Amino acid sequence: MRVPIIIDTDPGQDDAVALLLALASPEELDVLGITTVAGNVPLELTTRNSLMMVELAGRSDVPVYAGCDRPMVRPLVTAEYVHGKTGIDGADTPDPTTSPADGHAVDFIIETARSTPGLTVCTLGPLTNLGTALQQAPDIAGSIEQLVLMGGGFFEGGNTTPAAEFNIYDDPDAADIVFRSGIDLVMMPLDVTHKALTSDPRVDAFKELGNASGAATAGMLEFFERYDMERYGTAGAPLHDPTVIAYLLEPDIFGGRACSVAIETTSELTMGMTVVDWWGLTDAEPNCLVMNEIDDERFYQLLIERIGRLP
Ligand code: BDR
Ligand code: CA
């Protein structure tokens with residue numbers, strides 16, 4: 001049975017690779033729409049980049065809805081220092097020939113949640129669109145089957161401040177709404193993604209696929225690697241967002257634990273921190289399946305095999 005999904009995203013090279021993975025997997029995933037949000041780069045670019053990936057994958061049938069252009073409360077923080085000016089520097093793909101779908105991403109999320117039994121939402125960026133949707137239509141919490149998100153970090157700490165990961169830091173108020181919503185949550189934090197490092201042989205494998213999608217993936221990874229390799233002193237960079245899609249395809253690649261997770265929204269020092277009760281120190285009910293293990297060999301094999309199916 002195909003799982004109906006919405007992908008909410010702020011491409012971002014790793015978001016772009018996640019989109020390609022999902023679009024390459026039509027037997028398992030029915031991508032009902034892609035919703036864009038401001039994050040790594042401003043909204044206009046995340047929308048353009050999503051349209052580019054849909055076209056590259058030969059899947060212009062999938063609608064792209066533009067969403068919120070800034071976080072719910074705080075000012076927008078972008079990350080061109082990681083992703084480059086366009087957000088997908090290195091992709092070397094043509095500008096899109098298609099346009100975003102009519103309507104706002106938040107309305108699309110609300111309407112789709114109400115009308116689609118078994119909907120899974122995947123978020124790869126700040127949680128602004130989903131947080132806004134839940135604020136406007138709290139009933140949708142009961143009709144979203146599951147949310148799989150890339151965000152947060154606990155033993156690994158943060159990547160934007162010492163305490164916070166980028167997606168949660170960017171819109172902690174939206175994240176707070178989502179984590180309190182009662183939706184079944186699966187979280188791919190830095191503790192997982194920092195074990196899914198790129199390497200020269202892995203990037204070469206994308207190049208050797210011989211298709212345009214493989215070349216774009218290799219180009220994006222080569223650009224995106226440089227920042228994290230320098231920052232962490234590692235031989236490769238964490239490929240964050242595709243873990244979310246890989247979980248839908250092969251969940252046993254990952255391991256984790258159900259925990260209570262709360263979001264820091266008041267202290268400037270620890271703003272956006274995901275406070276994970278990994279050891280069960282409080283009486284708080286678990287609200288999230290928090291992942292901390294990945295079989296990185298299988299993860300990259302899956303990515304390479306699926307992106308090899310695309311044009
Ligand atoms: C997250 O932030 C962005 O830079 C990436 O696209 C990913 O979603 C990692 O912290
Ligand atoms: Ca992202």
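Reader: Contact means heavy atoms within 4.5 Å. With that settled, what covers the buried residues of α5?

Author: A word first: this is a predicted model. The cover over the buried residues of α5 includes β1 (3-9), β2, α4 (105-115), β4 (119-123), β5 and α7.

Reader: How many residues of helix α5 are buried?

Author: Seven of the nine in α5 (residues 128-136). That is why the helix is largely enclosed by the rest of the structure.

Reader: Which ones are buried in α5?

Author: T128, N129, L130, G131, T132, A133 and L134. Buried here means under 20% relative accessible area.

Reader: You listed α7 as part of the cover. Where is A174?

Author: A174 sits in helix α7, which runs over residues 172-179.

Reader: Is A174 buried or exposed?

Author: Buried. Its relative accessibility is 0%, so A174 falls in the buried class.

Reader: What is A174 in contact with, leaving aside neighbours within four places in sequence?

Author: M72, L127, T128 and G131. Of these, T128 and G131 are among the buried residues of α5.

Reader: And how far is A174 from T132 in space?

Author: 7.0 Å, C-alpha to C-alpha. Along the sequence, A174 and T132 are 42 residues apart.

Reader: New topic. What surrounds ligand 1?

Author: D14, D15, N40, H83, L124, M150, N159, E165, F166, N167, H240 and D241.

Reader: How far is a polar side-chain atom of D15 from an oxygen atom of ligand 1?

Author: 2.9 Å. H83 also comes in with a side-chain N or O atom, 2.9 Å from a ligand 1 oxygen. For D241, a side-chain N or O atom lies 2.7 Å from an oxygen of ligand 1.

Reader: How much of the ligand does the protein bury?

Author: 96% of what ligand 1 exposes when taken alone, which is 280 Å².

Reader: Let's talk charges. How many salt bridges does a search of the whole structure find?

Author: 16. Side chains of opposite charge can pair when their charged atoms come close.

Reader: Give me one. What does E28 meet in a salt bridge?

Author: R306, with an N to O distance of 3.0 Å. The pair ties distant parts of the chain together, 278 residues apart. E28 is in the loop between α1 (13-23) and β2 (29-36), while R306 belongs to helix α12 (residues 296-307).

Reader: Is R306 buried or exposed?

Author: Buried. Its relative accessible area is 7%. E28 is partly exposed, at 24% relative accessibility.

Reader: What does R202 form a salt bridge with?

Author: D296, with the closest N and O atoms 3.1 Å apart. This pair also links distant parts of the chain: R202 in helix α9 (residues 200-207) and D296 in helix α12, 94 residues apart. R202 is buried, at 12% relative accessibility. D296 has 27%, so D296 counts as partly exposed.

Reader: Which residues do salt bridges with shared partners join into one network?

Author: E28, E305, R306 and R309.

Reader: And D69, which residue is its salt-bridge partner?

Author: R70, with the closest N and O atoms 3.4 Å apart. R70 is exposed, at 55% relative accessibility. D69 is partly exposed, at 42%.

Reader: Back to helices. Where does S50 lie?

Author: In helix α2, residues 43-56. Its relative accessibility is 0%, so S50 is buried. Beyond neighbours within four places in sequence, S50 contacts T9, P11, L19, I34, T36 and V64.

Reader: What about R59, where is that?

Author: In the loop between α2 and β3 (64-66). R59 is buried, because its relative accessible area is 17% and the cut-off is under 20%.

Reader: What does R59 touch, not counting residues up to four places away?

Author: L23, P26 and V54.

Reader: Last one, the surface. Which residues form a nonpolar patch there?

Author: F155, W279 and L281, with about 430 Å² of accessible area together. F155 is in the loop between β5 (144-150) and α6 (166-170). With 55% relative accessible area, F155 is exposed.

Methods: Residues numbered from 1 in each chain as written. Chains lettered and ligands numbered in written order. Predicted model: local features only at pLDDT ≥ 70, side-chain atom pairs only at ≥ 80, totals over all residues. Heavy atoms only, no water. Patch = residues over 30% accessible without salt bridge, like charges linked within 9 Å, V, L, I, M, F, W, Y side chains within 5 Å. Areas by Shrake-Rupley, 256 points an atom, 1.4 Å probe, with all protein chains shown as cover. Salt bridge = Lys/Arg side-chain N within 4 Å of Asp/Glu carboxyl O. Helix = DSSP H or I, 4+ residues; strand = E, 2+ residues; numbered from the N terminus. Buried < 20%, exposed > 50% of the residue type's maximum accessible area, 1.4 Å probe, protein only. Near = heavy atom within 4 Å. Polar contact = N/O pair within 3.5 Å; in protein donor to acceptor, adjacent residues only side chain to side chain.
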